[in-house]
Amino acid sequence: MHIRTSFAVGLAAAAALAVLPGSPAHATETTPATATSSAPTVPPAADATTPTGPTCWFGACYDYVYGRQTTDTAGAAVRMEISDPEVNPTQIGEHSLQELALQDTNRVSTVEVGWTVDPQLNGDSKPHLFVYHWVDGQTSCYNGCGFVPVSTKFTAGMALRPGHAADFAIRNIGGDWWISYDHHDVGYFPGSLWKGTYSRAQVVTAFGEVAANTADVPSCTDMGNGRPGASPRASWISDYRLYKAADKPRFTVSASSPQLYTYGKAKATSFRLGGSGSGRC
């Protein structure tokens, strides 16, 4: 099933889905993409030590390099390098991104922030700031669908400078999920979107993601800056923090297709990630 998500504020979801990525109900879905763009998805639940290959759902096939922790927290933050990965110009709807995502225990409620290179969504090949959310397993839209902006300088959807590093944070304050970029408030998702049922997160994931149109042929779309995670010049995620949590931050790091996209120098609060997929497009 393909979902075309809109950049327009307030546009309703294109379709309602019963279960959020990460749920076992989607573990066997293998329908390749046939349309134009795809929602960001969170890496599925899996044994972190076992590569799973690309996961095909919601109209695209996704590869991930991710760090994850199961905990209970009012928020989290990471620092990420912003890159300008090459995205396959011959395929419509492919993207490459890095993000931080917070989910509830059942992974049906999610708040996300990160940067994405998505030519169809943004109209260019630059990295752009994005926010996204899921309610009861239903997809929404980029940078809207209830998101309340509070800044005219730091806005969801704005272009970002490649090579720059910035903090990305999600915190629940007063029942609302606040998004900040480089220590500046961007806006918030009101708690009323979840009818007040989602105020703390139990799953934290920071990751790189490549969305391709098929799982049969490896994508030439880069993850991160295109360098493999073992390279000292690879893209990175670092300075992982938790807010109002009993646990200390501690990532478990994994890669879905390590022959294409890899990680390196993995520690409790940081790791490197990336790769060029099948090579130059």
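Phe207 is buried, its relative accessible area being 0%, where buried stands for under 20% with a 1.4 Å probe and protein chains only. The model is predicted, and local features need pLDDT of at least 70, side-chain atom pairs count only at pLDDT 80 or more, and totals for chains, interfaces and linings use all residues. Residues are numbered from 1 along each chain as its sequence is written, and side-chain values use heavy atoms, without hydrogens and water.

Across the protein chain of 281 residues, 58% count as buried. The chain has one helix and 15 strands, taken as DSSP runs (helices H or I, at least four residues; strands E, at least two) and numbered from the N terminus.

Aromatic rings come next. Rings of Phe, Tyr and Trp (its six-membered ring) pair if their centres lie within 6.5 Å, with planes under 30 degrees apart stacked, over 60 edge-to-face and the rest tilted. The count by this rule is 15 aromatic pairs. One of them joins Tyr64 and Phe207 edge-to-face, at 5.9 Å centre to centre and 75° between the planes. This pair links distant parts of the chain, as Tyr64 lies in strand β2 (residues 60-73) and Phe207 in strand β11 (residues 201-212), 143 residues apart. Tyr64 is also buried, with a relative accessible area of 1%.

Phe251 and Phe271 form another edge-to-face pair, 5.8 Å centre to centre with 80° between the planes. Phe251 sits in the loop between β12 (235-243) and β13 (252-255), and Phe271 in strand β15 (residues 271-274), 20 residues apart. Both Phe251 and Phe271 are buried. Elsewhere, Trp57, Phe58, Phe130, Tyr132, Trp134 and Tyr142 make up one aromatic cluster.

Notes: Buried < 20%, exposed > 50% of the residue type's maximum accessible area, 1.4 Å probe, protein only.
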